[in-house]
Amino acid sequence: MTKRLDSTGLTFRQDYFGDAAGWAALVRLLQDIFGIDIGPLQQLGGPDPTSMPFGWFDADGELAANLSAFALPFVLNGRIVHAAGLQSGAVRPPWRGRGLYRDLTVKALDWCERQGFEAVILYTDKPSLYEPYGFRAMPLHRYVGTAPTPEIDAIPARPLLPASADDLALLQLLLKARSPVSTTLSVTANAAMFLINTQLDADVRISFLEDCQAVVAWKMDGTGRFSLLDVVAAEIPSLAAILGGLDIASAAVEVLFRPDKLGWTGTPQPFEGGTTLMLRGLGDDAPHFPAMLSPMADF
Ligand SMILES: CC(C)(COP(=O)(O)OP(=O)(O)OC[C@H]1O[C@@H](n2cnc3c(N)ncnc32)[C@H](O)[C@@H]1OP(=O)(O)O)[C@@H](O)C(=O)NCCC(=O)NCCS
């Protein structure tokens, strides 16, 4: 049975990020529904150029409903998966319950199939919304343990400020040439999400380690534990080099991806981030080791 769609008073559009009014409508939608401001992305190189938004607009040009697809190639067990990501899924309260989101989900997944993506991934706090479309949850794991002895001859790192033009250019170059941070599970590029995520969490620090030509995203939590979120570099430096460059002698370490390139081993622990990573496609493939995508790749 075909389920009902009531789109009375609305106009369907897709591919509207090139239109300033369309982009502004999405910024307002995400601000209103999630309290997230993606506006600064315009000053950080703009939205991901592969984005394909699908939306229903009202007569005033407001987005009643949106779902965006974009190319999100990622590494799984040593191989690059040509995947799409789905993000910015939301319907304004007055328009809910009319089948608008179901309609956009079907349209976005059809587009992904026509583009030849072999898989689709998304984050959600409502997994049951996506299970009917064949999405399944991927368990996520972080790694915890004791810190290695920091390298003592490292050149001190400096803070990197994406809002400054020179630092943004440096970061964009490194993002373009980055190696996957893990061979088990990691994004290959996803520059736009890294850049906007530097702005969305005030606790995340971004540092440049010049001798390693690496940008490191990290935090110190309330207990003094060092938390490593991501490393952007053509060659991933060791955790000892990172701690040396940052001049951190924290005893406890948490790494929010599988640390197979860091010259350090920790113990995997289930990661409770509040959202579930879901995958559609690839049969029953799953990471061969406990793993998670860096929070800097969150979308
Ligand atoms: C979740 C949300 C997108 C649903 O929008 P909607 O336009 O009311 O959805 P639809 O009318 O198209 O319904 C689509 C399906 O989702 C189901 N659904 C709706 N809200 C749901 C919820 N909170 N949890 C699980 N399923 C839900 C509906 O029952 C319907 O199922 P069916 O296809 O079997 O009939 C909307 O409530 C919203 O924007 N919420 C806040 C933001 C959010 O949660 N976004 C998605 C998370 S990634």
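1. A residue is called buried when its relative accessible area is under 20%, exposed when that area is over 50%, and partly exposed in between. Tyr123, with a relative accessible area of 13%, is therefore buried. The model under review is a predicted one, and the points below should be read with that in mind.

2. The aromatic rings deserve attention at the outset. A pair of aromatic rings is described by the distance of the centres and the angle of the planes. A search of the whole structure finds eleven aromatic pairs. One of them joins Tyr123 and Phe299, with 5.0 Å from centre to centre and 65° between the planes, an edge-to-face arrangement. Tyr123 belongs to strand E7 (residues 119-124), while Phe299 is in the segment after strand E17 (276-281); the pair therefore ties together parts that are 176 residues apart in sequence. Phe299 has a relative accessibility of 17% and counts as buried.

3. A second pair can be examined in the same terms. The ring centres of Tyr130 and Phe135 are 5.9 Å apart and their planes meet at 75°, so this pair is edge-to-face. The angle decides the label, because planes over 60 degrees apart count as edge-to-face. Tyr130 is buried, at a relative accessible area of 7%, and Phe135 is buried too, at 3%.

4. Aromatic residues also form a group. Tyr16, Phe17, Trp23 and Phe57 are linked into a cluster by ring pairs. Phe57 has a further neighbour: the charged end of Arg13 sits over its ring, 4.7 Å from the centre.

5. Which residues come nearest to the ligand? Among the 19 residues around the ligand, these are Lys3, Val91, Gly97, Arg102 and Lys126. By type, the shell consists of nine nonpolar, five polar and five charged residues.

6. A polar backbone atom of Gly97 is 2.7 Å from a ligand oxygen, and a backbone N or O atom of Arg98 is 3.4 Å from a ligand oxygen. Arg102 takes part through its side chain, which places an N or O atom 2.8 Å from an oxygen atom of the ligand. On its own the ligand has 890 Å² of accessible area, of which the protein covers 70%. The elements that give two or more residues to the shell are helix H1 (20-34), strand E6 (83-91), helix H2 (100-115) and E7.

7. Ser182 is located in the loop between helix H3 (165-176) and strand E11 (185-187). Its relative accessibility is 0%, and Ser182 therefore counts as buried. A polar atom of the Ser182 side chain lies 2.9 Å from the backbone nitrogen of Thr184, and the side chain of Ser182 also reaches the backbone nitrogen of Leu185 at 3.5 Å. Asn66, in strand E3 (residues 63-71), is likewise buried at 0% relative accessibility. The side chain of Asn66 makes a polar contact of 3.1 Å with the side chain of Ser68.

8. Is Asp153 buried or exposed? With a relative accessible area of 64%, Asp153 is exposed. This residue is found in the loop between strand E9 (141-146) and strand E10 (158-159). Asp153 and Ala165 are twelve residues apart in sequence, and their C-alpha atoms are 30 Å apart in space.

9. The final point concerns backbone angles. Most residues other than glycine have a negative phi. Gln213, which is not a glycine, has a positive phi of about 45°. Gln213 is in the loop between strand E12 (205-209) and strand E13 (214-220) and is partly exposed, at a relative accessible area of 38%. Asp247 likewise has a positive phi, near 55°. The place of Asp247 is the loop between helix H5 (239-246) and strand E15 (252-255), and at 72% relative accessibility Asp247 counts as exposed.

Notes:
Residues numbered from 1 in each chain as written. Predicted model: local features only at pLDDT ≥ 70, side-chain atom pairs only at ≥ 80, totals over all residues. Heavy atoms only, no water. Phe/Tyr/Trp six-rings, centres within 6.5 Å; stacked < 30°, edge-to-face > 60°. Helix = DSSP H or I, 4+ residues; strand = E, 2+ residues; numbered from the N terminus. Buried < 20%, exposed > 50% of the residue type's maximum accessible area, 1.4 Å probe, protein only. Lys NZ or Arg CZ within 6 Å of the ring centre and 35° of its normal. Near = heavy atom within 4 Å. Polar contact = N/O pair within 3.5 Å; in protein donor to acceptor, adjacent residues only side chain to side chain. Areas by Shrake-Rupley, 256 points an atom, 1.4 Å probe, with all protein chains shown as cover. Nonpolar A, V, L, I, M, F, W, Y, C, P; charged D, E, K, R; others polar.
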